[in-house]
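Hello,

Here is the structure I promised to send over. Have a look at it first, and then read on for what I found.

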Amino acid sequence: MKISTKGRYAVRVMIDLALNNTGEYVKVKQIAERQGISEKYLEQIIAVLNKAGYVKSARGAQGGYRIAGDPGNYTIGMILRLTEGSLCPVACLEDEVNECERCDTCETLSVWKELNDAIDKVVDGVTIADLVERQMIREDAIDYSI
């Protein structure tokens, strides 16, 4: 499994919006500059986040985007599944019921299940709030080292 730039950038956008959550809307241009992402590509990503209700938008001179809810309510897994689709390492684990004709005799299925569980545990165990906190701690450490 490889996470695309779309998925990685979507997580970065959510972190950016959480860090800059003053109640005001943030312009795409500002996010793009801070994150080093082209505005056009960022607009595509933000449209997906907006449609899912993860961000709110406003039009006009004071318009832009802001995070829709508490950063602690958005896991990395939620954002990656939204932008990437399934995170399952094999197709036979994507459905609720495994319909693979070999699932009863597949020697590797347990490995794929363990890998899938490990992926889910990591991405569903980290929220945007967690990443904001990590960034703030890292920035504080950098400030003190000067």
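How many bridges join strand 1 to strand 2, and do the two strands run parallel or antiparallel? Strand 1 (residues 55-58) and strand 2 (residues 64-67) are joined by 4 bridges, and they run antiparallel. Please keep in mind as you read that this is a predicted model. Within the pair, Val55 stands opposite Ile67 of strand 2. The two strands form a hairpin with 5 residues between them. In the turn you will find Gly60, with a positive phi of about 100°.

Now to the helices. Two packed helices are described by the angle between their axes and the distance between those axes. Helix 1 (residues 5-19) packs against helix 2 (residues 28-35) at an angle of about 110°, and their axes are 11 Å apart. Since angles of 65 to 115 degrees count as roughly perpendicular, helix 1 is roughly perpendicular to helix 2. Their crossing is right-handed. On the helix 1 side, the residues that meet helix 2 are Arg12, Val13, Asp16 and Leu17, and their partners in helix 2 are Ile31, Arg34 and Gln35. By type, the residues of this contact split into 3 nonpolar, 1 polar and 3 charged.

Helix 1 also packs against helix 3 (residues 39-51): the axes come within 10 Å and cross at roughly 75°. Helix 1 is therefore roughly perpendicular to helix 3 too. From helix 1, the contact takes in Thr5, Lys6, Tyr9, Ala10, Val13 and Met14, while helix 3 brings Tyr41, Leu42, Ile45, Ile46, Val48 and Leu49. The residues here divide into 10 nonpolar, 1 polar and 1 charged. If you are clicking through the model, look at Val13, which is listed in the contact with helix 2 and in the contact with helix 3.

Two single residues may also interest you. Thr75 sits in the loop between strand 2 and helix 4 (76-84). Is Thr75 buried or exposed? Its relative accessibility is 13%, and the cut-off for buried is under 20%, so Thr75 counts as buried. Leaving aside residues up to four places away in sequence, Thr75 touches Val123, Asp124, Val126 and Thr127.

Glu114 belongs to helix 5 (residues 109-124). Glu114 has a relative accessible area of 57%, and is therefore exposed. Between Glu114 and Gly7 there are 107 residues of separation in sequence and 23 Å in space, C-alpha to C-alpha.

How values were computed: Residues are numbered from 1 along each chain as its sequence is written. This is a predicted model: local features need pLDDT of at least 70, side-chain atom pairs count only at pLDDT 80 or more; totals for chains, interfaces and linings use all residues. Side-chain values use heavy atoms; hydrogens and water are left out. Buried means under 20% relative accessible area, exposed over 50%, partly exposed in between (1.4 Å probe, protein chains only). Axes are lines fitted to C-alpha atoms, for helices over the stretch in contact, and angles run from 0 to 180 degrees between N-to-C directions. Angles under 35 degrees count as roughly parallel, over 145 as roughly antiparallel, 65 to 115 as roughly perpendicular and the rest as oblique. A crossing is left-handed if the near helix is turned anticlockwise from the far one by less than a right angle, and right-handed if clockwise. Contact means heavy atoms within 4.5 Å. Ala, Val, Leu, Ile, Met, Phe, Trp, Tyr, Cys and Pro count as nonpolar, Asp, Glu, Lys and Arg as charged, and the others, Gly among them, as polar. Two strands pair if DSSP finds at least two bridges between them.
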